[in-house]
Amino acid sequence: MAGTGASPLKRAEQFIWLTARVLEQRRFAHHFLGGSADAVETALAAYLNEDGGYGHALEPDLRGPVSQPLHTAHALSVLDSIGRCSGLRVERICRFLTDASAKEGALPALLPSQRGYPAAPFIPIVDDPAAQLLATGPVVGLLHRNAVWHAWLFRATDFCWAAVDALEKSHPYEIEAAVAFLDGAPDRARAEAAADRLGRLVREQRLAVLDPERRAEYPVAAGYAPGEQHFPYDYARTPESLARRWFTDEELERSLDHLAAEQQADGGWPVNWRQWAPGTALEGRPLVTLKALLTLRAHGRSIG
């Protein structure tokens, strides 16, 4: 086992081998140990359904086998991270996205097929769910960033633009989804203008903790768990993100210091959202740990 004097990466590695699902083990090995992308894709395939979507608790807060937009968005992000967001695999996913879309031509967070299977109480199941920027923005932005062209993208892109332009009062996860869309949107001038406006909204509504030492002074969004707050790095996962412009160097560096300090004694990072079942928290921590390591490395922090 890695000792207390080990590097953040070595401590995280021990945590991953101890607790993570095979998929997260393969992803860690790919990103940090020279492991193959093929191994990641093989592990991801276990979650794939015949309809082209993904299920089987790929997103830990949704249990059961049925395909859901949130699972499928998660799968796309994994494929993107290993450079495999292309070809027949993505064509198949886009067919699922078409079938899963609401009347607006964009994605709801949850399809009613989830009914009967366990799901987080903060993700309501309804019979006729409406499309949401939260579910659609990251998918559309990622597909555009990978130069994927599919008929589904036309209406979904229009939906995202309308939703972003209409944002006046928001919450952190919705802003994250908007940034994910804008970072990949083909109309870069429009994306930059929209991002500038959202950055002002984030600061005015205090949706980012700019000083971790005064964290208690920042509000927690309605429906979020106590302490479920966002920091500059949550919006600007890489220096290239449009959200990087929202924060001063000092604000970003303070937030990265905070992120690095959040590593726990067992080598993993904690989840800060509402924990409603033991298994979901256990599966969530390796995901958060991977994201923390990738964020720190993207911003030039030494992790060992």
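Helix α9 contains 17 residues, which at 1.5 Å a residue should span 24 Å, and the 24 Å between its end C-alpha atoms agrees with this; the expected span is taken as 1.5 Å times one less than the number of residues. Helices are DSSP runs of H or I with at least four residues, numbered from the N terminus. The structure is a predicted model, in which local features need pLDDT of at least 70 and side-chain atom pairs count only at pLDDT 80 or more, while totals for chains, interfaces and linings use all residues. Residues are numbered from 1 along each chain as its sequence is written, and side-chain values use heavy atoms, leaving out hydrogens and water.

The buried residues of α9 are Ala191, Ala194, Ala195, Leu198, Gly199, Leu201 and Val202. They lie on the same side of α9, because they cover an arc of only 160° around the axis, the arc being that of the directions from the helix axis to the C-beta atoms. An α-helix has 3.6 residues a turn, so residues three or four places apart point the same way. On the other side of α9, Ala189 and Glu204 are exposed. Here buried denotes under 20% relative accessible area, exposed over 50%, and partly exposed in between, with a 1.4 Å probe and protein chains only. The cover over the buried residues of α9 includes α7 (152–166), α8 (172–184) and α10.

Glu228 is located in the loop between α9 (188–204) and α10 (232–235). Glu228 is buried yet forms no salt bridge, and the nearest side chain of opposite charge, Arg274, is 5.7 Å away. A salt bridge requires a side-chain nitrogen of Lys or Arg within 4 Å of a carboxyl oxygen of Asp or Glu; Lys and Arg count as positive and Asp and Glu as negative, whereas His and the chain ends are not counted. A polar atom of the Glu228 side chain lies 2.7 Å from the backbone nitrogen of Ala225.

In total, the structure holds 20 salt bridges. One of them joins the side chains of Arg84 and Asp38 at 2.7 Å, N to O. This pair links distant parts of the chain, with Arg84 in the loop between α4 (69–81) and α5 and Asp38 in helix α3 (residues 37–45), 46 residues apart. Asp234 forms a salt bridge with Arg237, with the closest N and O atoms 2.8 Å apart. Asp234 is buried, with a relative accessible area of 12%, whereas Arg237 is partly exposed, at 21%.

Notes:
Helix = DSSP H or I, 4+ residues; strand = E, 2+ residues; numbered from the N terminus. Polar contact = N/O pair within 3.5 Å; in protein donor to acceptor, adjacent residues only side chain to side chain. Contact = heavy atoms within 4.5 Å.
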